[in-house]
Amino acid sequence: LRYTVGVSADDASPQPQQVSKDFNLLSRLESQKYDMSRSEQRLAKVVLSAPEAAVHLTLAAFAEAAKVSQPTAIRFCRRLGRSGYADFRLGIAQATARGAHHVHREINSDDSLPTLVSKIFASTIDTLQMVSQHLDFEVIERVVALVANANRIELLGTGLSSVAAVDAHQKFMRLGVPTNLHSDGHLQRMSCQTLKPGDVAIAFSYTGRLRDFQRTCEVVRERGAALIVVTRSDTPLAKIATETIAIDTLENTFVYAPMTTLIAHLTIVDVLATAVVLNAGSDRVATILRLKRALQDEWLIDPDSEATVTQ
């Protein structure tokens with residue numbers, strides 16, 4: 001899905017895109033809204049602020065709510081891969097039926113604790129299911145191959161996205177490959193300047209739109225190393241990556257701390273680390289076991305035994 005930058009939706013000609021209708025339409029709206037024209041952003045806001053109500057809007061009401069013309073609303077629907085407004089409403093209905101509307105922005109100040117817990121758990125479950133359904137397994141296989149054969153692995157992340165980078169660092173260092181992690185953005189860029197062909201950098205970003213982080217990742221490509229990004233699809237960061245693992249959650253990370261997105265990123269780390277280990281040779285498995293036993297004397301029980309701790 002692409003949007004023409006600087007061209008008003010009123011002036012642009014319809015360009016229906018071949019977008020899989022299995023892709024969650026609300027997720028696509030959330031991830032693409034910052035690349036849209038102002039008219040398109042207003043239309044997206046009408047839907048995302050109240051998906052269940054938007055399903056019942058007529059075309060005239062939809063256009064009026066966003067203060068755009070009806071032809072603009074129709075072109076907006078077509079840009080999202082729908083045949084028209086009726087098909088667009090169907091896509092929204094399907095998304096809400098799957099529970100995709102349970103997002104953190106629905107939490108209200110007067111929610112009771114049980115309601116709050118229910119919404120957060122529902123949001124997390126919906127996010128993981130949605131990400132799982134839309135993972136590109138060919139991309140995952142290529143990423144696993146890159147990581148498994150890397151001469152060096154650089155982990156990149158800023159702010160809360162660095163949590164996934166820390167987790168990946170702890171898991172991938174067990175492969176016996178030199179693995180680097182720096183919390184400081186300047187050190188990250190300096191370290192990336194030392195990358196070489198055959199090295200791999202894995203970058204985690206919730207929005208894929210941070211200027212300094214983008215520049216650091218560009219350095220990775222300039223050095224000839226492979227850049228794997230875990231972020232939203234069709235973002236500036238995704239466009240420069242060697243491989244992109246798309247995490248198109250519905251979470252509004254500009255308002256709330258990105259908790260469900262973080263869990264999705266951490267789950268991807270588990271998928272990659274487990275897949276790499278399962279495809280590793282005997283030497284790498286031996287390295288993992290050696291690292292595991294290095295701290296064996298710190299345990300109150302033998303981690304290789306079936307013993308359990310009782311009080």
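## A buried charged pair

Glu154 and Arg152 are both buried. The two residues form a salt bridge, with their closest N and O atoms 2.8 Å apart. This is a predicted model, and the distances here are computed from it. Side chains of opposite charge can pair when their charged atoms come close.

Arg82 and Asp87 make a salt bridge too, and their closest N and O atoms are 3.4 Å apart. Arg82 has a relative accessibility of 5%, so it counts as buried, the cut-off being under 20%. Asp87 has 11% and also counts as buried.

## A link between α9 and α13

Lys171 pairs with Asp270 in a salt bridge, the closest N and O atoms being 3.4 Å apart. This pair joins distant parts of the chain: Lys171 sits in helix α9, Asp270 in helix α13, and 99 residues separate them. Lys171 is partly exposed, with 23% relative accessibility. Asp270 is partly exposed as well, at 37%.

Asp167, Lys171 and Asp270 are linked in a network of salt bridges. Across the protein, the count comes to 10 salt bridges.

Helix α8 covers residues 137-148. The helix has 12 residues and reaches 16 Å from its first C-alpha to its last, close to the 16 Å expected at 1.5 Å a residue. Its buried residues are Val139, Ile140, Val143, Val144 and Val147. Seen down the axis of α8, these buried residues fall within an arc of 135 degrees, so they line one face of the helix.

The face turned away from that buried side carries the exposed residues Glu138 and Glu141. What do the buried residues of α8 pack against? Their partners are the strands β1 (153-157), β3 (200-204), β4 and β5, together with the helices α9 (162-172) and α13. Helices α9 and α13 are also the ones that hold Lys171 and Asp270.

## A nonpolar patch on the surface

Leu113, Val117, Phe121 and Ile125 form a nonpolar patch on the surface. Together they have about 410 Å² of accessible area.

Val117 is in helix α7, residues 113-133. Its relative accessibility is 37%, so Val117 counts as partly exposed, between the cut-offs of 20% and 50%.

## Two residues with positive phi

Most residues other than glycine have a negative phi. Lys67 has a positive value, near 60 degrees. Lys67 lies in the loop between α4 (59-66) and α5 (70-79). With 68% relative accessibility, Lys67 counts as exposed.

Asp234 also has a positive phi, near 55 degrees. Its place is the loop between β4 (226-231) and α12 (236-239). Is Asp234 buried or exposed? Asp234 is buried, with a relative accessible area of 16%.

## Leu250, a buried loop residue

Leu250 is found in the loop between β5 (243-246) and α13 (259-278). Leu250 is buried, at a relative accessible area of 6%.

Which residue 224 positions away along the chain has its C-alpha atom 7.0 Å from that of Leu250? That residue is Leu26.

## The protein as a whole

The protein has 14 helices and five strands. Of its 311 residues, 47% are buried. Contacts between residues 24 or more positions apart account for 70% of those with a separation of 6 or more. Leu250 and Leu26 show two C-alpha atoms 7.0 Å apart across 224 residues of chain.

The protein exposes about 16,000 Å². Carbon and sulfur atoms supply 54% of that area. The nonpolar patch of Leu113, Val117, Phe121 and Ile125 is on the surface. Glu138 and Glu141 of α8 are exposed, and Lys67 is exposed in its loop.

Methods
Residues numbered from 1 in each chain as written. Predicted model: local features only at pLDDT ≥ 70, side-chain atom pairs only at ≥ 80, totals over all residues. Heavy atoms only, no water. Helix = DSSP H or I, 4+ residues; strand = E, 2+ residues; numbered from the N terminus. Buried < 20%, exposed > 50% of the residue type's maximum accessible area, 1.4 Å probe, protein only. Patch = residues over 30% accessible without salt bridge, like charges linked within 9 Å, V, L, I, M, F, W, Y side chains within 5 Å. Areas by Shrake-Rupley, 256 points an atom, 1.4 Å probe, with all protein chains shown as cover. Salt bridge = Lys/Arg side-chain N within 4 Å of Asp/Glu carboxyl O. Expected span 1.5 Å × (residues − 1). Arc of directions from axis to C-beta. Contact = heavy atoms within 4.5 Å.
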